[in-house]
Amino acid sequence: PRSEPRLQQAVPASRVLDSLRADEAFVGITGTPRHTWLFVLHAGHVTVARSPLGDGDMAALVQAVRTSLTPGVDGLPPFAMTQAAAIHAATLGRVTSALKGVGELVIAPSGALLALPFALLPTGPANASDPARAPWLIRQASLAYVPTAGNFVALRQAQATAAPRRPWFGLGDFQPATLAQAAASFPTASCHASAAAFASLPALPYARLELQAAAATFGATAGDQLLGARYTASNVRHAALGNYRIVHFATHALLPTDLPCLTEPVIVASTPPAAPDLGEALLGADMIGALHLNADLAVLSACNTQGGAQGGEALSALARNFFYAGARAVMVTQWSVNDQASAYLVASSLSRIHAERTGGAAASLRAAQLAMLDDAQAAGTGPSGLGNPFFWAPFVVIGDGGKAPPSTTNPPNL
């Protein structure tokens, strides 16, 4: 059996520098009530900078950006380009000279910045009416995120083991629960709204197509998937997931910020018709951490992970559980995502990983995002079309997003 993972909260800067590739930089961002501090580690050097924005100011900017990414009855509002530019100016804009020549960024954010993909930060003058042409940060570098520097070092330095036999395993096409089943798991009067919200989770037709496309890409068989009625918590626990390089969930995921009566983040599985409650439908963080994975990447492609800074912290905790289970990286969304755009981004990213056309998960995601932006620019889709970050920017790679080694890794000692 595996030993219990150990949380590394702090590591020397020298270990981070030794773990970086030549064109890669590590950026730690720490907020305080009065300032935001940045620590850049690259090419053997450490650069420290300070922004005048404190936690409250940064949280207000992040909230404005996220609000502009929330569709209303009239569709998407204009993207908060001014606030996004202010976030860039107060963070990476303070250390541009230290990031010259960098093609890959590993970012360890804190506070409200946990809930924001840095890909959507404009690095220069931009117009919200023509977002497809904006100088987004994603045009300059691929991006990966880590909870702490210790997580990054542990994931990067994990020891290799024998490669799994199969490239990809897919899970999804969930069967919804009834209101009675949801109410049995959320029985108190204060949880009626959570029960109703869970029972109303919609089917995800494009997520099903996404899994079909991935299965075709990797040559997967029915034995490489748990779909529909077979996709239950019990079957996930007993699946031989350690035999796969990529473990791909295409389903809803919820944080306590989404459903207040949840006590932990959950990935949603199918509820059998005869089940008395949601026992088979809730893949909790503890259960995920107990899986035996040997994966370069875990994909959660239909997540609903809203809730500002608290949602970002819960998302980071969910990623840690995948690390404990043996995944080197997790690809997940930061907000309730357009089903069709999600299917395209995931299928495109996975096809690039399969063809080894890029350096790993983060670069593969970047290539898919840039392709969507190119299409939007060519089509002239306007402020609420595919060039809007709502469509192309929700995904982030948490963990080691670089090129995977020839064989996969042991569960890292985090």
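Colleague: What share of the contacts in the chain with a separation of 6 or more joins residues 24 or more positions apart?

Modeller: Such residues account for 76% of those contacts, where contact means heavy atoms within 4.5 Å. This is a predicted model, in which local features need pLDDT of at least 70 and side-chain atom pairs count only at pLDDT 80 or more, while totals for chains, interfaces and linings use all residues. Residues are numbered from 1 along each chain as its sequence is written, and side-chain values use heavy atoms, leaving out hydrogens and water.

Colleague: Why is the chain called as compact as a globular protein of its length?

Modeller: The chain has 13 helices and 14 strands; these are DSSP runs numbered from the N terminus, helices being H or I with at least four residues and strands E with at least two. Its radius of gyration, taken over C-alpha atoms, is 20 Å, close to the 22 Å that the globule rule gives for 414 residues, so the description holds. That rule is 2.2 Å times the number of residues to the power 0.38.

Colleague: Why does F39 count as partly exposed?

Modeller: Buried means under 20% relative accessible area and exposed over 50%, with partly exposed in between (1.4 Å probe, protein chains only). F39 has 32% relative accessibility, and therefore counts as partly exposed. F39 lies in strand 2.

Colleague: How much of the chain counts as buried?

Modeller: Of its 414 residues, 55% count as buried.
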